[in-house]
Amino acid sequence: MSTTERVLTDEMVDAIRAYFSRYPDKQAVTLPALHVVNEALRYVPRQAVVEIAELLELSPAQVQDTLTFYGYFKQDKPHGETRAWVCRSISCALRGGEEVLEHMCEKAGIKPGETTEDGRLTIEFAECLGACDFAPCMLANKTLHKDLTKETAEAFLESLD
Amino acid sequence: MSAFEPVLLANIDKPNSHTLGVYEAHGGYRALKRVVGDMLAGDVIEEVKASNLRGRGGAGFPCGLKWTFLPKDHPGPIYFCLNADESEPGTFNNRILMEEDPHQVIEGLIISCFATKAATAYIYLRVEYPLAHERLQAAIDECYAAGYLGENILGKDFSLNIYLHRGAAAYICGEETGLIESLEGKRAWPRIKPPFPAVEGAFRKPTVVNNVETAACVVHIINRGAEWFKSMGVPADPDNPRDAGSYGPKLYCLSGHVNKPGCYEAPLGITTRQLIDDYGGGVWKNRKAKAAIPGGISMGLLSEEEFDLPLDFAGPGKAGCLGLGTAAVVVLDETVSMVDFLHNSCRFFDHESCGQCTPCREGTSWSVTLLERMRAGKGRLKDLDLLLEIGDTIGIVPGSTICGLSDGAAWPIKNAIRKWREEFEDYIKTSNPTGYMETDPVEALPIVSHGH
Amino acid sequence: MGTVTVNGQEIEIGDDERLNGIEIARRAGVDVPHYCWHKGLTVVASCRMCLVETGMKDAETGDVSMLPKLVPACQTPARDGSVFVTDSEKVEHARAFVEEALLIDHPIDCPICDKAGECLLQDYYFEYGQQSRRADLRPFTSSRKNLGETVTLFADRCVMCTRCVRFTREVSGTAELMVESRGAREEIDVFDGFPLDNKLSGNVVDLCPVGALGDRDFLYKQRVWFMEKHNGVCTGCSTGCSITVEENQDTVYRLRPRENQAVNQWWMCDEGRYGYHHVHDEKRLTDPGQRVGQKDEPLEWSSLGERLPKHLESTGRLAGVISPHLTVEEAFLFAQLLRSYDPEARLVLGHVPVVGSDETFPSGFTIHAEKCPNRRGVEEVLRHFTGGVTPWDEIVSQASTFDGIWVTGGYKTEWVDTETAGQLRQTKLLIVQDMFPSAAWECADIKLPGVAFAERNGSYVNFANRLQSARWAVRPPAGARVEGSVFWQLLGNPGLYKSATVLAEVAETIPFFAAAAGAIPDTGVDLKAPELAPTQ
């Protein structure tokens, strides 16, 4: 650790501590803690992992083990202000989802998993978002975009500017 | 089609159906009041057992029977986990229930906890359902305020806390012990069984894991009785003592190449053809159907000739599919390439394999490698034999893996290649005319990775 | 008693025994291959290499009903009536598939991999694998990363058995190791800035079934098939872990633990594991000498037998300091020897090195603060000869009242300072028998180079009164002589020094050692605790 500057604010620590009473074991607060940090910072830097581990009385390796199992938490730098998950599973793929994803990536100039230079947008592929009734679909932050087409995807990209 | 009165979807079109007020105005929490006021835990278990309610999460295990696996007179704590990690491709009925009628789910959950003597319930909710999260949390808050949750519910010696626990985008968290490991804060590697969760589950205590739709059914079983529940569906085969029948209403998800994708409620046992034609507005673009997934991608594929089999717990198996699964039907029209389908499936399972046991970790990875090379025009006929061998070898059916994810990976491979062998062979021969006969190992494609 | 059938063979199982399919098959002489199972760790049944067929045999009818699906032998208990089949086509195919699956991405590093020759992936490939590769050909990667001071990781070779991760979580309790990522992209790693640095770290290399984890101390030093393994006992502390000393042509390359449920389970600590380098330290004493005036003159070992007894008989009042590094046999012979010159010779316990305090790990494994292997054994020899145990401080302070003091050492670290040496020097004749130079050695009249643990046969009694016998592994450097051999010859005993003969005499003579009569098992023998526990 080159720097021991704390990453978790008092607010985040309080939020994490609030979960302790829900579980008989502190390790169970791992995912909730990761979400607390991720929601605040848009990523979970390694220093945060060390601090979460301290709070939960785990080793950093144990927290990192859990974190990296999921593809959900970025660690090197924050994801974009908007994180757009475009579904690539069967129902969306059957209705053109992959082509929409490809089109979006081309327009935004990034590959899935990447963030635009200006930090506004991250595009990710998702596995079945559970909205197959509106396939192809995309979850952008908390908003579900339904019946996506290349055109509506482009309009979405423009709306971010 | 006789008019089927919706049960689970009865309320979802009503404005503000997700609020306590609307729910109670239509009879909500009547079942809970009766259970807590007049019944013993054992009575509830008996009623659910008598209904032959089978789990709606994919495995179809009799719910009441599962509840009886809990140790008698356990000092506690007993945990209940509601599996809201719905991630099976093609499936979205839990999402609709949680978004539009969360109280139905919660009432069912509270009743289930009463029956199993669980004092703490965790709703393991996938992170990709933010609206469901919002609505469930609001509903839970309303319940605490109304005295349906917390200490001494309805003035009785029954206390329950429900906590929402969000996942982080991993399909395997829908597997019951994968869910438990994830709940405990570890990587979601499913556990070996025995011990079963009912004996040793979350935090090493007795735990029941049930699906969202299953919980919702419990409300109606209490309200209208086991006999009513059994009046719908497909009765058990009298010659097969192991057949638990397929009773009750079922939410069928319909998506893919149909005019009206959506969630449709019908008694268990309608056929794929009925679902497409009577509910789904028929195959889109005036095309014909080629195939359909019967119950989420893990179940494999029905060919169009097999569309008249009932979609109950026993039906899809008769066509060599894995089972009813989540009853999520995905329709593929005549223009779909089976190679593309299988690639999508193998890619999904390779991405989602938890990686714990060798046959699944390496088998799913190997299968997607083969499909990618095939689609890149470098496939061999031998690859089909390799894929089938992988499909026949990995899974809990042969016993080679810890959990059923690999069976889910295997079944689409087996169904697609065995039912459309000629199409695969033609594709390979046409796209790789000079190399399709090769039997020695060939160069791998370079690995391209992005995202996670 | 119950009966289990393994491949048609009937095997007995005790009512209290808790064995799994692998263990019961072993009893039948059948090997069930496995990677992830280890008796000292939780069962995960994830490698799937141990898949077998199982069923039950009806006690009355004799009918066997087999389960339709395969089960991992490691998680299947063997009970009365259990049936296991490990050699059917179904089992063979499942095994071959696992082996093939593990080899798909495994770099064929054998020519440069330490594990070659003791690698399960290699062994199982030859025994159970498919003959040729069917997966696509991909250029293999081979990366290396140090996980800490002691262990290095070749991540591409890993088969994801997770033994190493489970070890750090369950046995050392330090949880430095983790699995990163998901699916086929998983890798073992440590968290940046939190290296693998617990005191039991070396054990993960033993546990690794392939060459993914390497021991930095041993890396690239020797091919395993050139080494001979000798059963030994670690002399680093009073735990007395059972070990093997592995050498080639008189050079020790590696120590590894042996399974001993009564002492160290399957483990040894890093201090013990890597504590053999002193055996080949060039500072070791190799020249017997005698002080003449102000100078040291060479002394022939061959002349010792003639001159020393005459010398010592005429010296007068003698004292002998018995180092807790000497074996039981050597302590006994030394006491006999000194008493043969002076029937009233004082015999005392040499310096007992203590560092820190005892450290116990979650699994129960303990590293003791007492950093010598045989204080208990030496004490009981002393009790027999003197009626009690006297520390050597008394002799040191009264050195001038003795005409001769013979001090045995054998310590790896400094055990005598200049002041103490100065006090010892007050005696007329100072004999020092040791491995490394010291202040005492400097001023000794007779200097006798002694040997290291790997060079002697003999027995040690650990903190729990367990006696274990070690075999010599390498010959001492020319010029150094095994202490036991020196004492044996000086006593005028015929033939070569054989520690087993001496131990038999010790067992007969000293009641404390009675249980050590007869052949000593590899895991040692439990001596009863003394009737009256001595006050410390």
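Colleague: What share of chain A counts as buried, and how do you know that a residue belongs there?

Modeller: Of the 161 residues of chain A, 51% count as buried. Keep in mind that this is a predicted model. The test is a neighbour count: a residue is buried if 20 or more other C-beta atoms lie within 10 Å of its own. So 51% of chain A passes that cut-off.

Colleague: What else can you tell me about chain A as a whole?

Modeller: Chain A has 7 helices and 4 strands, and along the sequence they run α-α-α-α-β-α-α-β-β-β-α. Its C-alpha atoms fill a box of roughly 50 × 35 × 25 Å along the principal axes. Among contacts in chain A with a separation of 6 or more, 60% join residues 24 or more positions apart.

Colleague: Why is α3(B) called roughly perpendicular to α9(B)?

Modeller: Helix α3 (residues 41–51) and helix α9 (residues 212–224) of chain B have axes that cross at roughly 100° and come within 10 Å. Angles of 65 to 115 degrees count as roughly perpendicular, so α3(B) gets that label against α9(B). On the α3(B) side, B:E47, B:V48 and B:S51 meet B:V218, B:I221 and B:I222 of α9(B). By class, that contact has 4 nonpolar, 1 polar and 1 charged residues.

Colleague: Which residues does B:I111 touch beyond four places away in sequence?

Modeller: B:I111 touches B:A31, B:L32, B:V35, B:V44, B:V218, B:V219 and B:I222. In the largest nonpolar core, with 348 residues, B:I111 joins A:V86 and B:C81 as the residues that touch the most other members. Helix α8 (residues 328–341) of chain C gives the most to this core, with 9 residues.

Colleague: How do you know that β24(C) and β25(C) pair?

Modeller: Two strands pair if DSSP finds at least two bridges between them. β24(C) and strand β25 (residues 466–470) of chain C have 4 bridges, in the antiparallel sense, so they qualify. C:G458 stands opposite C:A470 in β25(C).

Colleague: What makes β24 and β26 of chain C edge strands?

Modeller: The open sheet has 3 strands in the order β24-β25-β26 of chain C, with antiparallel pairing. β24 (458–461) and β26 (525–526) each have a single partner strand, so one side of each is left without a neighbour in the sheet.

Colleague: How many residues do the chains give to the contact of chain A with chain B?

Modeller: Chain A gives 38 residues and chain B gives 45 residues. On the chain A side, α5(A) gives the most, with 4 residues. That side divides into 21 nonpolar, 9 polar and 8 charged.

Colleague: How many residues come from chain C and from chain B in their contact?

Modeller: That contact takes 29 residues from chain C and 30 residues from chain B. Helix α2 (residues 89–104) of chain C supplies the largest share of the chain C side, 6 residues. The chain C side divides into 18 nonpolar, 3 polar and 8 charged.

Conventions: Residues are numbered from 1 along each chain as its sequence is written. Chains are lettered from A and ligands numbered from 1 in the order in which they are written. This is a predicted model: local features need pLDDT of at least 70, side-chain atom pairs count only at pLDDT 80 or more; totals for chains, interfaces and linings use all residues. A nonpolar core is a set of buried Ala, Val, Leu, Ile, Met, Phe, Trp, Tyr and Cys residues joined through C-beta atoms within 7 Å. A residue is buried if 20 or more other C-beta atoms lie within 10 Å of its own, exposed if 12 or fewer, and partly exposed in between; C-beta atoms are placed from the backbone. Helices (H or I, at least four residues) and strands (E, at least two) are DSSP runs, numbered from the N terminus. Two residues are in contact if their C-beta atoms, placed from the backbone, lie within 7 Å. Ala, Val, Leu, Ile, Met, Phe, Trp, Tyr, Cys and Pro count as nonpolar, Asp, Glu, Lys and Arg as charged, and the others, Gly among them, as polar. Axes are lines fitted to C-alpha atoms, for helices over the stretch in contact, and angles run from 0 to 180 degrees between N-to-C directions. Angles under 35 degrees count as roughly parallel, over 145 as roughly antiparallel, 65 to 115 as roughly perpendicular and the rest as oblique.
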